[in-house]
Amino acid sequence: MFEEILQNVRLKKPLTHCITNYITTNDCANIVLACGASPTMAEAEQEAAEIASQADGLDINIGNLNSHTVLAMHRAIAAANQAEIPVVLDPVGAGASTYRMETLRDFFAQYRFSVVRGNVSELLAVGGAASNTKGVDAGAADAVTEENLQERVEFFKQLSAKLGAVVSVSGAIDIIASPERAYICRNGHPMMSCVTGTGCMLSALTAAYCGGNPDNILEAAAAATAAMGVAGDIAYQKTKEQGLGTGSFRVYLMDAISLMDAETLQGGMNVEIR
Ligand SMILES: Nc1ncnc2c1ncn2[C@@H]1O[C@H](COP(=O)(O)OP(=O)(O)O)[C@@H](O)[C@H]1O
Ligand SMILES: Cc1ncsc1CCOP(=O)(O)O
Ligand SMILES: [Mg+2]
């Protein structure tokens, strides 16, 4: 199902411009390289528009905002919209501060996004629902479970229609929703949330996949989530076999994305469509 998506990324090597947080910038650049794309992490307001307009995909991550990066983000998103380049928005910590919510409100009022990707608490906050966000992490009370899955799928399909963007929600069960269709992914391991930046990396990976597949955004976003989940499964297996911890898991996760091919993805993924 996702074979062509992966192939396009390796063939086209999409230039992926990321304006992200300094906590995870290096991991985001490396995951973009690992999947076969090219990263550029420019965030100066003076060049953000110029760099964005040359890129194939743009990743905007609000994990650690300041007034300079917010200005650079405005300029980059405006340029990407003008050039019709896909933009992925990661609303890190949405619900945790007024500044983040006001920044997001300004973005949604002025620009188009291809994908809004975050954890479940962040996307509940973006959708105006009650959210129990714990800083940049999802609150346990918000988790998508087999019991609330259908309700959450409907909510995120409606949010997708409202935002005019694919909504990609991560957690133990991932939901990647358009207004009509949602991919449900049940891969990955809880150890993924014990390493900072797995969500940020998934957003950068999603931007690279969208950059390589601009006419197939829903499938590109779903394939990125499935690839990350399968990589999490492989990395956990290796970590466990060797009795190692989260540091090694982080390295094995990057290895698994760099080695990911269509066969590994198809064989390992647990994806359903609703
Ligand atoms: N309990 C879990 N079981 C399986 N995979 C998980 C779990 N928690 C997170 N993941 C995976 O980790 C990655 C990051 O998701 P998440 O932790 O929700 O994002 P963020 O880091 O932005 O909060 C995603 O690929 C997601 O599927
Ligand atoms: C810890 C932290 N603080 C601000 S941004 C950030 C990284 C968040 O990364 P992720 O959303 O991938 O867990
Ligand atoms: Mg995150």
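Tutor: Here is a walk through the annotated positions, then the ligand shell and a neighbouring helix. Keep in mind that this is a predicted model.

Let's start with one pair. An unreviewed UniProt entry lists Arg 117 and Ser 170 under "binding site". They span 54 residues in sequence, yet no two of their C-alpha atoms are more than 7.7 Å apart, so they gather at one spot. Arg 117 lies in strand β5, residues 115-119, and Ser 170 is in strand β6, residues 166-170. Arg 117 has 33 C-beta neighbours inside 10 Å, so it counts as buried. Ser 170 counts as buried too, because it has 27 such neighbours inside 10 Å. Leaving out residues up to four places away in sequence, Arg 117 touches Val 88, Asp 90, Ser 168, Leu 202, Ser 203 and Thr 206. With that same exclusion, the contacts of Ser 170 are Asn 119, Gly 199, Leu 202 and Thr 225. Leu 202 turns up in both lists.

Now the other pair: a "binding site" annotation, again from an unreviewed UniProt entry, covers Met 41 and Gly 197. Both sit in loops, Met 41 between β2 and α3 (48-54), Gly 197 between β8 (182-185) and α8. Met 41 counts as partly exposed because it has 18 C-beta neighbours inside 10 Å, whereas Gly 197 is buried, with 23 other C-beta atoms within 10 Å. Setting aside residues up to four places away in sequence, Met 41 touches Cys 18, Thr 25 and Ala 29, while Gly 197 touches Ile 23, Thr 24 and Asp 27.

Gly 197 also belongs to the set of residues surrounding ligand 2. By class, the shell has four nonpolar, eight polar and no charged residues.

That brings us to helix α2, residues 25-34, where the buried positions are Thr 25, Asp 27, Cys 28, Ile 31, Val 32 and Ala 34. Just past the helix, Gly 36 takes a positive phi of about 105°.

Note on methods
Residues numbered from 1 in each chain as written. Chains lettered and ligands numbered in written order. Predicted model: local features only at pLDDT ≥ 70, side-chain atom pairs only at ≥ 80, totals over all residues. Buried ≥ 20, exposed ≤ 12 C-beta atoms within 10 Å, placed from the backbone. Helix = DSSP H or I, 4+ residues; strand = E, 2+ residues; numbered from the N terminus. Near = placed C-beta within 6 Å. Nonpolar A, V, L, I, M, F, W, Y, C, P; charged D, E, K, R; others polar. UniProt positions renumbered as here; feature names shortened; annotations may be inferred. Contact = placed C-beta atoms within 7 Å.
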